[in-house]
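Let's take a look at this one together.

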Amino acid sequence: MKYPGQYLTPEELYITTGVRLSQVPLEHLTNEDRLAELRKFKGYVYNDYVTIVRGKTEEEKIKMKAYMTEHIHHDPEVRLIVDGSGYFEVRDIDDNWVRMHVFPGDLIDLPTGIFHRFSLDNDEYVRMHRLFTDVPDWTAVNRTDIITHPSRDRYLDYMNQVKTGLIEAN
């Protein structure tokens with residue numbers, strides 16, 4: 001959802017943000033052989049799982065605050081929702097928020113350099129399969145800490161070319 005009441009198709013989401021959102025059949029979420037096929041097909045070389053719950057302990061509250069702080073990464077962020085639900089929020093090319101309510105089976109691929117954050121919904125729980133095309137770099141760079149960043153510059157350049165039609169959205 002881009003603005004209240006303005007919903008985007010997966011193609012519109014990609015054209016305005018570079019985010020790819022697709023679905024994995026629910027029966028595949030508990031089938032390790034099928035998940036291994038997905039990882040091989042997509043070229044993911046490292047994977048793990050993360051569970052996020054509403055902060056009850058001080059450690060959980062600190063972790064949740066980090067997820068909810070707007071940031072970018074040096075690498076793409078690919079997550080397969082296995083259980084629970086939550087919100088990924090990203091900035092589009094015009095710096096407007098776009099919110100995606102994710103559920104089991106949703107596979108979300110955030111491009112390198114996109115400002116984003118994650119929050120839980122009312123269920124207060126999500127379990128995600130994290131997928132990486134390389135050894136993960138866990139460094140998050142908060143928006144308040146930077147003016148410019150090489151990964152952000154590359155993202156904006158690419159998205160401006162998509163927006164102006166110099167590059168066809170693929």
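This is a predicted model: local features need pLDDT of at least 70, side-chain atom pairs count only at pLDDT 80 or more; totals for chains, interfaces and linings use all residues.

Residues are numbered from 1 along each chain as its sequence is written, and side-chain values use heavy atoms, with hydrogens and water left out.

The protein chain has a mean pLDDT (the predictor's confidence in each residue, from 0 to 100) of 89, and 96% of its residues reach 70 or more. Strands here are DSSP runs of at least two residues, helices (H or I) runs of at least four, numbered from the N terminus.

| Element | Mean pLDDT |
|---|---|
| E10, lowest | 84 |
| E5 (residues 86–91), highest | 96 |

Now the sheet: five strands form an open one in the order E1-E7-E4-E9-E2, with antiparallel pairing (two strands pair if DSSP finds at least two bridges between them). At its edges sit E1 (20–23) and E2 (46–53), each pairing on one side only. Eight bridges join E2 to E9, and tyrosine 49 has histidine 129 in E9 as its bridge partner.

And what lines the largest pocket? Its lining counts 21 residues, with Tyr67, His73, Glu77, Arg79 and Arg130 nearest the centre. A pocket is an open set of points on a 1 Å grid over the protein atoms alone, where a 1.4 Å probe fits, with protein on both sides within 12 Å along at least five of seven lines; lining residues have an atom within 4 Å of a point. Among the elements that each supply at least two lining residues are helix H3 (58–68) and strand E9 (125–132).
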